[in-house]
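This report concerns strand pairing and aromatic contacts. The sequence and the structure are shown first.

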Amino acid sequence: MTQQPNQTLLLDQDMVKQLLTVSDINQAVDETFKGYGNDQIKNPTKVTLDIGQHDEWPAYDGFVNAMPAYLGTEDVAGLKWVAGIAGERKAAGLPYITGLIILLDPHLGHYLAVMDGTYITDMRTGSQTANTIHYLACDRSHISLGLYGAGRQAETTLITLSDYFKIDDLYLWNRNLENAKKLMQKIEDRVTGTIHLVDPDHPKDASHEEFTVTATAATSPILKAEWFQPGQTIITMGSGPEAEDDLLLKADAIFTDHVEQALHRGALSQLHEQGQFTADDLTATIGELALTPAQYVQSDQLTIIPIVGTGAMDISVAKRAYDKALTQQVGQPFDFKA
């Protein structure tokens, strides 16, 4: 397989999975965070098309995000077009997320590749949390954590975390205990220690570890201010208000991956709308944390890190898949002009 300069390489999900290891994904996300810290990434905020997630019309119970980015670290541009649709898609037994990623040569405007974006979305989402914890605990090989949620994002968080750490104890909470049990079966080989299934009626029981991660579809807060003390770190991954506003206001340090997005999506959005939180209240970005963790990490502070997700992460992982596809001669070259 030889790709001509004006051809586009097509890669389906099985090919993408074949090309990328967990370490590949973690390394790509790490390099992108550091690229943010070095001002080598251009990443506008997401553009969201609401097709029923919040609006009454059209009533498809979903959304579509357009997420462009340019990576100076790789000299490549790209776009992820990703949808999350419940409704009929859920009724058909299909995964909630579906996506495509397009890579562009910024010099000549050739489209280098079009590939499945669902697997990359799932894995880089988990990897963002794994890398953030790695920056905070880079001198350690073992961690314990509380995890709220039992869906795909929770699973990929544990998969990517296990590439960096041995997990001694995992406290797993989900509103539906059966879903928590299913996740436990999927990831038990990733946890070297004990998995503790937390009673759905007692969510506080998952909150006492050094690291707490939320990966839920919550539309109202789960984490309460009185549960947490200095010395703990909370990472929220959901697009809703997973933590009480009082908990956010109690934090000694707050980091995020994308400042503009974080003020309008997820955990910080309500405080920002009320004028109680601005960009000036952020301690730093995760990119800055990645470059100089010793400058920011303190053992006696309560740290909260809302992660909202950026297209740059997807483009970085996709570029790695594309480069490996060329080397391994995987994929189908296609000429859109033909």
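## Strand pairing

Leu172 has Leu197 in strand 10 as its bridge partner. Strand 10 (residues 194-197) runs parallel to strand 9, and four bridges join the two. These assignments come from a predicted model.

Strand 9 also pairs with strand 8, again in the parallel sense, over seven bridges. Within this pairing, Ile143 is found opposite Ile167 of strand 9.

## Crossover units

Two β-α-β units share strand 9.

## Aromatic pairs

Seven aromatic pairs are found in a search of the whole structure. Among them is the pair of Tyr148 and Trp173, whose ring centres are 5.5 Å apart, with 50 degrees between the planes; the arrangement is tilted. Tyr148 belongs to strand 8 (residues 142-148) and Trp173 to strand 9 (residues 166-173), so this pair ties together parts that lie 25 residues apart in sequence. Both Tyr148 and Trp173 are buried.

A further tilted pair is made by Trp227 and Phe228, at 6.4 Å centre to centre and with 45 degrees between the planes. Trp227 and Phe228 are both buried.

## Summary

Strand 9 is in turn joined to strand 10 by four bridges.

Methods
Residues are numbered from 1 along each chain as its sequence is written. This is a predicted model: local features need pLDDT of at least 70, side-chain atom pairs count only at pLDDT 80 or more; totals for chains, interfaces and linings use all residues. Side-chain values use heavy atoms; hydrogens and water are left out. Rings of Phe, Tyr and Trp (its six-membered ring) pair if their centres lie within 6.5 Å; planes under 30 degrees apart count as stacked, over 60 as edge-to-face and the rest as tilted. Buried means under 20% relative accessible area, exposed over 50%, partly exposed in between (1.4 Å probe, protein chains only). Two strands pair if DSSP finds at least two bridges between them. A crossover is right-handed if, with the strands pointing away from the viewer, the path from the first strand over the helix to the second runs clockwise.
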